[in-house]
Every structure is written in structure tokens, then in C-alpha cells.
Amino acid sequence: FLTSVFISVYYFTPNIQKTSFLILGISGPGHDSPTLTDTMIFSSVSTKGLTTISVPRDIWYQPAQAKINTLYYYGQKNGSNMDLVKQGMFDILGQAIDHLVIVDFNTFQKVIDWVGEIDVYVEQDFFDLKYPLAGKENDLCGGDKEYKCRYESIRFEKGWQLMNGETALKFVRSRNAEGDEGTDTARSKRQEKVITALKSKILSPKILLNFQKLQEGLQIVQTGIKTDIKREEILPLVKLFLIAFQQEMKNYVLDGWETETGLLVHPQ
């Protein structure tokens, strides 16, 4: 059955040579500021492969007089929907955004748990003593002026680690570690590692040759991911991804001002 499905997708579906996506990670329901963007990744998909660029969320966007992580929020608020964030990213990257994909924390965890644990290499040990706890954002902590009850301490050790959804989310979200791992650049690089590991797991026979597993994944995507992709575009995009995933995957990070070779400049 699966063979016939793949043959149908490959040979009876219209071709798309190239398209682009902007993937936005938001906290979602149950979190403070659920539509502010926590992660922004531009992805170009073509028959030659897949390229991703992680974009720091604190870039200032002058036309909106705000950081780019607020553009999706303001677009939803003022009725422009996804147009504002698409325009903002075009102005910054010089690349048109064909499709927007919004993933909240809960869906991200479900996708990781769906494929099973993923193998991720941690470059160096790091501690984050202020990882935010969901639902605790406004807790007064009984008068504690340091608001320690709002956070938990997390630790990652150098080397290969198997990560489930909860652990992977902490790995990509951590932003308060001391040293290099506390920068937006390091955070973006960790996100790219998880994407690469997830791609590898999705392409494994355990997923691709398991029809029930594929149905489960489709259900997660349909119920948890918001996008402007039209129904008639789905199969051509699936075909393009199947081709692109067989080619080289390139990951880049739009460097911040923390390094001399960074592509961003602090205005002050």
C-alpha cells in the first residue's frame, strides 16, 4: 500500500521546483504571551535540497517599531494576519515567504515523542538556572523578590543524548545559561541540531514504512499546526519534501553582534 502511495505522489502529482517556509515557534495556550514568537526559522526547499536559516528573535524591525518576535502577534491583533511577519522577514532576509507554519510548544513535544527519542549531540556542558515554568509567569512567589518559584534549573552535559519531547523543548528554548550557551546564536544552533535529528528520524524505515505511524503524525500536524498552506498544495509539497530530503541539508544561523564576523549590527 505504501509503495503505491509513494508512486502516486511521485508520478501523478504536479511538480514544484522550489518553495519557502517561515516556521514560527510560539508558546501557545497555557503560557504567558501565547502568540509572541519564541523561534523563527526560514526554510528554503527545492529539488536540490533543504536549507534553513535560524533568525534571532530580538532583531529590531524599524517599520513596526518593534522586535520581529512581535510581528505575528500584531498581525493577529490588527487583522493583517500573517502578512506583517512575512513582510518583516522579507525586509530582513531579502527572501519571499511562500508559506507560514506556526508550531506551539505542546505540538513540538508531540512531534518529537511521535518519532520517539531523537539523538542530539550537546557541544558543551551548560546550566540554566532560570528556565521558565509554564503557568508561573505571574506568580508572586510568596513575596520572594527574586521570583525563584517561576523557574526551574536545567542541565545538559556534553556528548550524545537521547531526548524526548520535553527534554528537546528545554534544549532549544534555554536562553539563560551562563557563557556562550546563553546567547541567541547558541540557541539557534541548538534548534538546528534538533531539526536535523528530527529529519533523520522521520526518514527512518520505522516511520516511513509504518502506515499507522504516518497517520498518527498527520493527525498531530492537522490538529496542532497552523498554516496558510491550501489543501490542493499539500501533495505537491509532500513530493517536493520527499525529493529534498534525499539531498543535502544545510543549516545556517543569522549571527548576532556577539561575534566579529556576525551579520547583524547593534545600533548603539
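At what angle do helix 5 and helix 6 pack, and how far apart are their axes? The two helices pack at about 150°, with axes 7 Å apart. The model is a predicted one, in which local features need pLDDT of at least 70, side-chain atom pairs count only at pLDDT 80 or more, and totals for chains, interfaces and linings use all residues. Residues are numbered from 1 along each chain as its sequence is written, and side-chain values use heavy atoms, with hydrogens and water left out.

**View 1. Contact of helix 5 with helix 6.** Helix 5 contributes F171, V172 and R173, and helix 6 contributes R187, R190, Q191 and V194. Contact here means heavy atoms within 4.5 Å. Three of these residues are nonpolar, one is polar and three are charged. In this classification Ala, Val, Leu, Ile, Met, Phe, Trp, Tyr, Cys and Pro are nonpolar, Asp, Glu, Lys and Arg are charged, and the others, Gly among them, are polar. Axes are lines fitted to C-alpha atoms, for helices over the stretch in contact, and angles run from 0 to 180 degrees between N-to-C directions. Helices (H or I, at least four residues) and strands (E, at least two) are DSSP runs, numbered from the N terminus.

**View 2. Packing of helix 4 on helix 6.** The axes of helix 4 and helix 6 (residues 184-202) lie 10 Å apart, at an angle of about 45°. Helix 4 is therefore oblique to helix 6; angles under 35 degrees count as roughly parallel, over 145 as roughly antiparallel, 65 to 115 as roughly perpendicular and the rest as oblique. The crossing is left-handed, a term for a near helix turned anticlockwise from the far one by less than a right angle. F108, V111, I112, W114 and V115 of helix 4 meet V194, L198, K201 and I202 of helix 6. Eight of the contact residues are nonpolar, none is polar and one is charged.

**View 3. Contact of helix 2 with helix 3.** Helix 2 (residues 71-78) and helix 3 (residues 83-93) cross at roughly 145°, and their axes come within 7 Å. L71, Y72, Y74, G75 and N78 of helix 2 touch L84, V85 and G88 of helix 3. The contact has five nonpolar, three polar and no charged residues.

**View 4. The second largest pocket.** This pocket holds about 660 Å³ of space. On a 1 Å grid over the protein atoms alone, a pocket is an open set of points with protein on both sides within 12 Å along at least five of seven lines, a cavity is a set where a 1.4 Å probe fits but cannot get out, and lining residues have an atom within 4 Å of a point. Grid points are joined across faces, edges and corners, and a volume is the space filled by probe spheres set on the points. Of the 27 lining residues, H31, F105, P132, E137 and R173 lie nearest the centre of the pocket. Helix 5 gives the largest share of the lining, four residues. The lining comprises eight nonpolar, seven polar and twelve charged residues.

**View 5. The second largest cavity.** Its volume is about 40 Å³. Helix 6 gives the most to its lining, with four residues.
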